Structure formats: structure tokens, C-alpha cells
Amino acid sequence: MTSGRSFYITTPIYYPSDVPHIGHGYTTVAVDALARWHRQAGDDTWMLTGTDEHGQKMIRAATANGATPQEWVDKLVAESWFPLLETLDVANDDFIRTTQERHETRVQTFLQAIYDRGYIYAGEYEALYCVGCEEFKPDSEIVDGTGAFEGLKVCAIHSKPLELLQEKNYFFKLSEFVEPLLALYRSQPDFIRPESARNEVVSFVRSGLKDLSISRSTFDWGIEVPWDSSHVIYVWVDALLNYATAVGYGADPETFARRWPAYHVVGKDILRFHAVIWPAMLMAAGVEVPHGVFAHGWLLVGGEKMSKSKLTGIAPTEITDVFGSDAYRFYFLSAIAFGQDGSFSWEDLSARYQAELANGFGNLASRTVAMIGKYFDGTVPPASAYTDVDTAIQKTVSDAAEIADAAMERFRIDEAIDAIWTIVDALNGYITDMEPWALAKDDAQRDRLGTVLYTCAEGLRALAVLLSPVMPESTAKLWTALGADEALGPLQEQPLREAGTWGILPAGTRTRALAPLFPRVEQSE
């Protein structure tokens with residue numbers, strides 16, 4: 001079933017100058033879960049991710065490794081960034097690289113459009129520049145260096161010295177968009193989420209905006225300014241445009257009309273680029289602004305933001321090799337309130353894996369399938385008369401599905417999982433209270449035993465559908481074990497917004513053996 005509604009969602013495109021860490025993975029699986037949810041709900045869904053491959057930082061990294069910039073980014077993308085998507089079971093629809101011709105030509109089309117509309121002029125610029133951020137730093141992000149950098153001005157984010165750059169550049173008239181941006185924020189209160197991020201951006205814009213340098217002339221690794229080949233386009237302008245170029249801007253108006261506008265999910269450290277500069281650029285070009293920008297918090301390790309430059313980076317495979325990709329996805333999407341900072345620790349990951357996945361969801365699935373096999377020869381029994389305790393489970397399932405969908409609409413993946421998990425807890429409590437193993441000893445309770453186990457199986461059917469965007473691997477195994485693949489068809493084709501409807505799994509469905517969904521992990525690992 002198709003809703004006809006378009007849902008185009010993007011990750012930021014990542015700077016591939018180093019290997020990805022779990023912070024990159026966190027953003028990517030969050031967007032993937034949202035895309036999977038909307039796709040399975042029948043929305044016309046498109047998920048984009050990719051890599052931002054131009055800029056001064058890339059030149060320096062390539063030179064340090066004895067390669068050309070193109071050779072270096074090709075190596076990084078092939079060896080690190082494509083494998084990340086496979087490691088984390090990400091089902092993106094497209095992967096854009098800013099060195100692709102489709103992107104470069106469309107960027108030039110866009111820049112020429114705002115130049116022709118009078119929003120770009122030539123000028124001179126001198127300011128402190130952070131190569132790590134690829135940004136001229138505002139005063140609020142410039143601090144005095146300490147230790148080896150004492151006496152120098154350093155970047156507040158990277159803690160590395162800033163470089164004083166003086167260039168003749170082209171400028172975008174960002175200062176003209178203060179009122180249009182404030183009007184946008186007023187007319188669309190949820191354009192920036194969460195509210196704390198919105199308040200920060202509104203305050204920033206109200207204080208006034210400076211025109212933005214949008215070209216560089218001291219190096220040539222970038223996209224040429226279309227009217228001046230001695231300049232390349234500033235890497236952030238180039239990067240932001242990927243969201244439009246990937247869906248046909250400047251080349252395929254039909255696809256662009258179908259997909260655009262987008263929802264952007266970004267880390268809060270790059271919020272201003274996406275919530276200030278990007279919509280202003282689109283306004284200048286006469287293009288509709290995005291549906292919205294959601295800024296998630298930082299992933300902290302030892303109280304510091306996850307980053308390779310501060311040596312707190314952890315590769316996703318360090319987690320998935322031990323716990324699996326579904327556990328990775330579940331942990332980061334449920335343990336952290338999406339939109340707030342969150343702390344990672346191995347101890348918390350291990351504890352949640354054992355309690356919620358192995359002992360909670362996994363054990364529920366295993367013993368339900370095992371009891372159907374033992375007491376009904378692997379055939380899902382029919383339900384007879386429902387009691388109040390049975391209908392309470394049905395209401396829990398219905399409510400959870402409705403609450404989870406509403407939470408996903410708000411981009412609160414954590415709240416959606418919390419709602420869905422009420423089904424897990426309710427069913428585990430139901431089995432404890434109903435004691436099907438005791439009912440099985442009394443032939444007079446045969447019908448009651450069938451009702452109890454049908455209730456468990458049907459609850460698991462709903463859980464498999466609702467949790468499949470978060471944990472696609474384990475839910476697919478459960479779906480097969482329930483026999484639902486043959487009875488109902490592929491899991492990904494089940495209409496997600498109907499998952500809370502009771503009685504979908506047919507009685508008589510043949511189940512199959514189910515290995516533990518979340519094998520126990522020894523603490524020493």
C-alpha cells in the first residue's frame with residue numbers, strides 16, 4: 001500500500017579524510033531507521049548518504065599519504081565508507097560523492113543561478129580559518145591555545161591552531177536573509193528540531209549575519225566557479241548542494257519535483273550550515289527550502305565528543321564483531337534521547353544487550369516458538385475465547401504501534417522504541433502469569449493454551465514488523481521462524497501502520513526452529 005506521500009531524508013555527507021567512527025554510524029543508522037519506517041509505512045521514501053571529497057583538508061591528507069586527492073578519496077570511500085553501510089545494515093537508496101560529474105555540473109548550475117540573480121559579488125577577505133572544520137571561524141568558536149599552542153588562537157571544536165587567510169573571494173549576500181530566515185522559523189516552528197536547537201539558531205540569526213565567502217583561489221581541488229576558472233567553490237557550499245543535486249536539481253526536474261524538499265538529520269555542530277546558510281542559498285535561487293533540519297546531540301566517550309582528532313574514536317566493527325549490527329542499531333537508537341547528547345560505555349552496551357535483547361526480546365521469541373513446537377507440533381494454534389488479560393495485550397500492541405508511529409513522525413526514534421518495548425515487557429509478563437507449561441498438563445485447558453500461545457505468536461508478529469526498521473536482521477529471522485514469510489509474505493512488505501491490528505497471523509501457520517536471536521556474550525569480550 002502506497003500513501004503517495006514523499007519522504008526524502010538525508011544524512012550529512014561525511015568528510016572521508018579518516019576512517020568512520022561510531023559517531024558517524026550513529027547518525028547513519030538513525031536516518032536509516034527513519035527511512036525504513038517510512039518506506040514500510042508506504043511513503044514514497046528516498047534515503048541519501050555520501051561523502052564530501054573536496055577542500056584543503058583533503059589535499060593535505062592526500063599529500064601526507066603520497067597520493068593525489070582523487071586517488072586518496074577513492075581509496076577511503078572503497079575501503080572505509082562503503083563497508084560502513086554493509087557493517088551496519090544500512091539500506092540507503094543513493095550514495096553521492098561530490099567528485100561525481102552529476103554533482104559538479106549541477107553545483108555550477110545552481111551557483112550560476114544565484115550569481116545571475118544578483119546574490120554574489122567579488123571582494124577581499126581576511127579571517128582565521130580552521131582546516132578541520134573547513135570554515136572561517138566566528139569569534140564565538142575561537143579560543144586561546146594552551147600547552148603546546150599557548151599564544152595561538154585555536155578552534156574551540158578541534159583544539160588546533162587556526163590559520164590567518166587573506167584572499168580575493170566571491171561572497172554570497174547572506175546578510176540580506178536575516179528577515180526571510182526569521183520569517184521561515186516563525187511560520188514553520190518545527191523547521192529546526194529539537195526546540196533547543198531552534199532557539200540557538202534563532203538567537204544567532206537575530207544577532208545579524210555576515211556575507212559568506214563562497215570561493216577559494218589558493219588551491220584547485222574543488223569545483224570551478226562557472227564564471228571564473230581561477231576560483232573553486234567553497235567546500236561547504238559544494239557539500240550542501242549534494243542534497244539537491246542527488247535528486248536531479250538542474251538536470252531532472254521530474255525526479256526533483258518528486259523528491260524535494262528533504263528532511264536533513266545532522267550533528268548539532270553543523271546545524272548553522274544547514275539551518276541558516278542552506279535555506280538562504282535556496283531562497284536566493286528560488287528553490288523551496290527543506291521540510292526541516294533535525295540536529296542530534298554529540299556522542300560522548302569519557303565526557304568528550306567522539307572524534308579521531310581527540311583519539312576517542314571507536315570503529316563500528318569493534319562493536320558489531322562482538323554484539324552484531326542489530327545490537328549496535330538498537331543500543332544507539334534506544335539508549336540516547338534523539339536530539340540530546342549521549343554517553344557511550346562498553347559496560348552500558350553489554351548490560352542493555354543482556355537485559356533487553358538477550359533476556360527480553362530474544363528469550364520471548366525463543367520460548368514462544370519452542371512452546372508452539374512442543375505443544376502444537378509447530379503449528380500456530382487458533383485462539384478461542386479471549387479473556388480480559390488477552391485483550392489487554394491486544395490493546396498494548398495497538399497503542400504501541402500508534403505511539404511509535406507518532407514518535408517517528410517527530411524523529412524521536414528512542415521514544416518509538418520505548419513504546420514498542422511495552423509489547424516485549426507485556427508478553428513476558430503474560431507468559432509468566434499464564435504459565436502455558438502448566439496449562440499443557442491439563443487436557444481441559446487445551447483451548448486456553450492455544451489462546452495464550454496464539455496471543456504470544458501474534459504479539460511477536462507485530463513486534464517483528466514494528467522493530468524491523470531498527471533491527472532488520474533479527475526481525476527477519478523471527479519472521480521466518482513464525483512462518484510469517486510463507487503465510488503473509490516478506491517482512492519488508494508488511495504495512496507498518498497496520499502492524500497494531502490484531503489477528504493478522506493465520507492460525508495453522510507452520511513455525512520453524514529459531515536459534516537464539518541474541519547469543520549471550522561473555523563479559524570478558
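# A chat about sheets, rings and a bent helix

Modeller: Let's begin with an open sheet of 4 strands, ordered E5-E4-E8-E10, where the pairing is antiparallel. Keep in mind that this is a predicted model.

Colleague: Which strands stand at the edges?

Modeller: E5 and E10 do. Each has a single partner strand, so one side of each is left without a neighbour in the sheet.

Colleague: How many bridges join E4 to E8?

Modeller: There are 10 bridges between strand E4 (residues 120-130) and strand E8 (residues 163-172). The two run antiparallel.

Colleague: Which residue does Glu 124 stand opposite in E8?

Modeller: Lys 168.

Colleague: And what joins E8 to E10?

Modeller: 2 bridges, with the strands antiparallel. E10 covers residues 212-213. There, Ser 213 is the bridge partner of Phe 171.

Colleague: What about E4 and E5? How many bridges there?

Modeller: 2 bridges, again in the antiparallel sense. Strand E5 spans residues 135-136. Cys 130 stands opposite Glu 135 in E5.

Colleague: How many residues lie between E4 and E5?

Modeller: 4 residues, and the two strands form a hairpin. In the turn, Glu 134 has a positive phi of about 55°.

Colleague: New topic. What is the strand order in the open sheet of 3 strands?

Modeller: E11-E13-E12, with antiparallel pairing. The edge strands are E11 (215-216) and E12 (224-225), each pairing on one side only.

Colleague: How many bridges join E11 to E13?

Modeller: 2 bridges, with E11 antiparallel to strand E13 (residues 228-233). Arg 216 stands opposite Val 232 in E13.

Colleague: Let's zoom in on one residue. Where is Thr 51 found?

Modeller: In strand E2, which runs over residues 44-51.

Colleague: Is Thr 51 buried or exposed, and why?

Modeller: Thr 51 counts as buried because its relative accessibility is 0%. The cut-off for buried is under 20%.

Colleague: What does its side chain make a polar contact with? I mean Thr 51.

Modeller: With the side chain of Glu 53, at 2.6 Å.

Colleague: Which residues is Thr 51 in contact with, leaving aside neighbours within four places in sequence?

Modeller: Ile 13, Tyr 14 and Pro 16 are among them. The list also includes Val 77, Trp 81, Phe 95, Ile 96, Arg 97 and Thr 98.

Colleague: On to the rings. How many aromatic pairs are there in the whole structure?

Modeller: The search finds 31. One of the pairs is Phe 294 with Phe 411, and this pair is stacked. The ring centres are 5.7 Å apart, with 15° between the planes.

Colleague: Where in the chain do those two Phe residues sit?

Modeller: In distant parts, 117 residues apart. Phe 294 is in strand E15 (residues 292-296). Phe 411 is in the loop between helix H14 (388-409) and helix H15 (413-434).

Colleague: Are Phe 294 and Phe 411 buried or exposed?

Modeller: Both are buried. They also belong to one aromatic cluster. Other members include Phe 7, Tyr 26, Tyr 263, Tyr 328 and Trp 346.

Colleague: Which residue lies over the face of Phe 204?

Modeller: Arg 272, at 4.0 Å from the ring centre. Another such case is Arg 446, which lies over the face of Phe 376 at 4.0 Å from the ring centre.

Colleague: Now helix H13. Where does it bend?

Modeller: At Asn 363, by about 40°. The helix covers residues 346-376. Just after H13, Asp 377 takes a positive phi of about 55°.

Colleague: Back into the helix. Why does Ile 372 count as buried?

Modeller: Ile 372 lies in helix H13. Ile 372 counts as buried because its relative accessibility is 0%.

Colleague: Which residues is Ile 372 in contact with, again leaving aside neighbours within four places in sequence?

Modeller: Asp 377, Gly 378, Thr 379 and Val 380 are among them. Leu 453, Ala 457 and Thr 511 are also included.

Colleague: Last one. How far apart are Ile 372 and Thr 422 in space?

Modeller: 23 Å, C-alpha to C-alpha. In sequence, Ile 372 and Thr 422 are 50 residues apart.

Definitions and conventions: Residues numbered from 1 in each chain as written. Predicted model: local features only at pLDDT ≥ 70, side-chain atom pairs only at ≥ 80, totals over all residues. Heavy atoms only, no water. Buried < 20%, exposed > 50% of the residue type's maximum accessible area, 1.4 Å probe, protein only. Polar contact = N/O pair within 3.5 Å; in protein donor to acceptor, adjacent residues only side chain to side chain. Contact = heavy atoms within 4.5 Å. Phe/Tyr/Trp six-rings, centres within 6.5 Å; stacked < 30°, edge-to-face > 60°. Lys NZ or Arg CZ within 6 Å of the ring centre and 35° of its normal. Bend = angle between axes of the 7 residues up to and from the residue. Pairing = 2+ DSSP bridges.
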